[in-house]
Amino acid sequence: MEESFFPLEELWERLLSGEPGQVREAFVSLGASEQAAVLGHLERMVSEVGWQPEQRASARAALEALQGVEPAKGSRTTSP
């Protein structure tokens with residue numbers, strides 16, 4: 001498993017910051033398997049019950065910020 005440039009807590013703060021630049025920077029710091037895990041988690045946050053509205057909005061903003069970002073080799077792509 002590859003490591004991000006950021007500690008785990010900071011990584012998620014950036015991913016859920018609502019700031020597209022921070023979201024993309026955090027995402028591209030990950031390897032392919034970590035990117036796939038992050039995308040899956042963000043998608044679950046948007047679609048599953050039990051998340052607070054603010055969490056859903058942050059996850060949705062992160063997914064939008066990641067549209068068109070080239071995933072690491074071996075990672076699945078983001079949904080259109």
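Axes here are lines fitted to C-alpha atoms, for helices over the stretch in contact, and the angles between their N-to-C directions run from 0 to 180 degrees. Two packed helices are described by the angle between their axes and the distance between the axes. Keep that in mind as we walk through this protein.

This is a predicted model, in which local features need pLDDT of at least 70, side-chain atom pairs count only at pLDDT 80 or more, and totals for chains, interfaces and linings use all residues. Residues are numbered from 1 along each chain as its sequence is written, and side-chain values use heavy atoms, with hydrogens and water left out.

**The overall plan**

The protein has four helices and zero strands, and its pattern along the sequence reads α-α-α-α. Helices (H or I, at least four residues) and strands (E, at least two) are DSSP runs, numbered from the N terminus. Of the 80 residues in the protein, 36% are buried. Buried means under 20% relative accessible area, exposed over 50%, and partly exposed in between, with a 1.4 Å probe and protein chains only. Among contacts (heavy atoms within 4.5 Å) between residues at least 6 apart in sequence, 50% join residues at least 24 apart.

**How α1 meets α2**

What is the angle between α1 and α2 where they pack? It is about 135 degrees, and their axes are 7 Å apart. That makes α1 oblique to α2, because angles under 35 degrees count as roughly parallel, over 145 as roughly antiparallel, 65 to 115 as roughly perpendicular and the rest as oblique. On the α1 side, L11, R14 and L15 make the contact, while α2 brings Q22, V23, E25, A26 and F27. By class, this contact has five nonpolar, one polar and two charged residues. Here Ala, Val, Leu, Ile, Met, Phe, Trp, Tyr, Cys and Pro count as nonpolar, Asp, Glu, Lys and Arg as charged, and the others, Gly among them, as polar.

**From the loop into α3**

S29 lies in the loop between α2 (20-28) and α3 (32-47). The side chain of S29 reaches the backbone oxygen of A26 at 2.6 Å.

Next comes α3, with 16 residues and 23 Å from its first C-alpha to its last, close to the 22 Å expected at 1.5 Å a residue. That expected span is 1.5 Å times one less than the number of residues. Buried residues of α3 include V38, L39, L42 and M45. The buried residues of α3 pack against α1 (8-15), α2 and α4 (53-65).

**Four residues side by side**

Which places are buried, and which are partly exposed? The table gathers four of them.

| Residue | Relative accessible area | State |
|---|---|---|
| S29 | 6% | buried |
| A36 | 23% | partly exposed |
| W51 | 25% | partly exposed |
| L66 | 0% | buried |

A36 sits in helix α3. A36 and P71 are 35 residues apart in sequence and 8.7 Å apart in space, C-alpha to C-alpha. W51 belongs to the loop between α3 and α4. Leaving aside its neighbours within four places in sequence, W51 is in contact with H41, R44, M45 and R56. L66 is found in the segment after α4. L66 and G21 are 45 residues apart in sequence, and in space 9.6 Å apart from C-alpha to C-alpha.

Terms used:
A polar contact is a pair of N or O atoms within 3.5 Å; within protein, one must be able to donate a hydrogen and the other to accept it, and residues adjacent in sequence count only if both atoms are side-chain atoms.
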